[in-house]
Amino acid sequence: MATVVLAYSGGLDTSVCIRWLQEHYAMDVVTLTIDLGHEPDLPAIQRKAKQTGAREAYVVDARDLFIDHFIWPALKAGAVYENAYYLATALGRPLIAKLLVDVAREEGAEAVAHGSTGKGNDQVRFDVSVHALAPELQVIAPVREWGLTRDQEEAYAKEHGIPVPEGSRQPYSLDQNLWGRSIESGPLEDPWVEPPEDAYEWTVAPENAPDTPAYVEIAFEEGIPVSLNGQEKNGVDLIQELNDLGGDHGVGRVDHVENRVVGIKSREIYECPAGTILFKAHEALEQMTLARDQSHFKRVVAEEISRLVYGGLWFSTLNRDLMAFVDSTQRSVSGTVRVKLYRGQATVVGRQSPYSLYREDLATYLSGDAFDHRAAEGFVKIWGLSTQVQARQQLHGEDTPLLPQAKRLEAKDAEDA
């Protein structure tokens, strides 16, 4: 009998998928549950998979892989989709796809499966990633195929003896890992409605946050955070501590109407305290250590990487090439940044680096100014020469002025004012 490896969360959808794949594809089902830092009850999920009919149920702690090979590269890149989304779910999907492929090859499976719908982004991320890594594998998406309503799905589960916990239905569709929490559906589908407070779990409302700010110092080495307040931390502990601290101060809430891969817009709520703090700190350190042209071009690269990751193209050659550029830029992005957390805001209030390009003797307007003011006049003339020539040759003879004539203020008008 052919074998399929199913990405298994233990929820209703993927539990129903086990029996559905057996019935409709006549396949043995092997499940794979992956811990990306969302604290699942892994032994309970493993037991449920076996009880529901899985031939084998694998569990993998992939938190370190997730941080080292996906979160830190995205942080170094500055990849934020549409200037709002820190890509928590989008970064996790290619890792899950890679582990699905690994297990499929170990098991000699012909296919892998996932529980994504036909409307969302995750189907794209899973399918494209798997086919990039293992073109020979079939990808099956039961939820995309079966067309069951929620009521029909629950009835199917009861008919096949699949446990449906009482009170398990909730108004939101959720996904979370160590890097962030995504919330959609239910009352959030009306973009005019303010998100209900029960949509949030990681963050307090900013107006309910402590009135005393908290300060955190984050040290980076070549773009990677390595310590908090002078204490070295591994990636898991560092992110979790920042999630807890930022969440206590209302930091990391995002309300965003975004452009999905499939061409529709969706309203998404995100909680990402650690991501918000770390991205601001990392950007502040880059502003000190990258030259102007590096910094400006890197923003272009960051936007492209964010689109590639969001669109499921993590394993594309272009993403690999752009990440090589990013790694090169991070050679001198080392130092410490101090961030103030207060009532929903994370504000950089201090930064220092042994590789800083900031020189106080050049920036100061006080005594000790080392800037050569006499050289500025020639520089300004050369800098503006092309604009001056074009204006003389092409613009001054036009009938339409660049700006309308400003109204002069008469003396009486000035007195009235």
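**Salt bridges.** I counted the salt bridges and got 25. The model is a predicted one, and I kept that in mind throughout.

I looked up Arg-181. It forms a salt bridge with Glu-271, and the closest N and O atoms are 2.7 Å apart. Arg-181 belongs to strand 7 (residues 180–184) and Glu-271 to strand 12, so the bridge ties together parts that lie 90 residues apart in sequence. Are these two residues buried or exposed? Arg-181 has 2% relative accessibility, so I noted it as buried. Glu-271 is buried as well, at 0%.

Next I took Asp-102 and Lys-98, whose side chains meet in a salt bridge at 2.8 Å, N to O. Both sit in helix 4, four residues apart, which means about one helical turn separates them. Asp-102 is partly exposed at 25% relative accessibility, and Lys-98 is partly exposed at 33%.

Three residues, about one turn of the helix, separate the two. I noted Arg-307 as partly exposed, with a relative accessible area of 41%, and Glu-304 as partly exposed, with 25%. I also wrote down a network: Arg-93, Asp-122, Arg-125 and Asp-175 are joined by salt bridges that share partners.

**Helix 5.** Two members of that network, Asp-122 and Arg-125, turned up again among the buried residues of helix 5. This helix covers residues 122–133, twelve in number, and spans 16 Å from its first C-alpha to its last, close to the expected 16 Å. Other buried residues here include Phe-126, Ser-129 and Val-130. What covers them? I listed helix 4, strand 4 (111–113), strand 5 (138–140), helix 6 (142–146) and helix 10 (292–310) as part of the cover over the buried residues of this helix.

**Nonpolar cores.** I then looked up the largest nonpolar core, which holds 78 residues; Trp-179, Ile-218 and Val-339 have the most contacts inside it. Helix 4 (residues 88–107) gives the most to this core, eleven residues. For Trp-179 I set aside neighbours within four places in sequence and checked the contacts that were left; among them are Phe-66, Tyr-86, Leu-91, Ile-239, Cys-272 and Phe-279. A second, separate core has 24 residues, including Leu-12, Val-29, Ala-49 and Val-143.

**Surface.** Last, I noted a nonpolar patch on the surface made of Val-261, Val-262 and Ile-264, with about 190 Å² of accessible area together. Val-261 is in the loop between strand 11 (253–259) and strand 12 (265–271).

Key. Residues are numbered from 1 along each chain as its sequence is written. This is a predicted model: local features need pLDDT of at least 70, side-chain atom pairs count only at pLDDT 80 or more; totals for chains, interfaces and linings use all residues. Side-chain values use heavy atoms; hydrogens and water are left out. A nonpolar core is a set of buried Ala, Val, Leu, Ile, Met, Phe, Trp, Tyr and Cys residues joined through side-chain atoms within 4.5 Å. Buried means under 20% relative accessible area, exposed over 50%, partly exposed in between (1.4 Å probe, protein chains only). Contact means heavy atoms within 4.5 Å. Patches are made of residues with over 30% relative accessible area and no salt bridge: like charges are joined within 9 Å, nonpolar side chains (Val, Leu, Ile, Met, Phe, Trp, Tyr) within 5 Å. Accessible areas come from the Shrake-Rupley method with a 1.4 Å probe; for residues, only the protein chains shown count as cover. A salt bridge is a side-chain nitrogen of Lys or Arg within 4 Å of a carboxyl oxygen of Asp or Glu. The expected span of a helix is 1.5 Å times one less than its number of residues.
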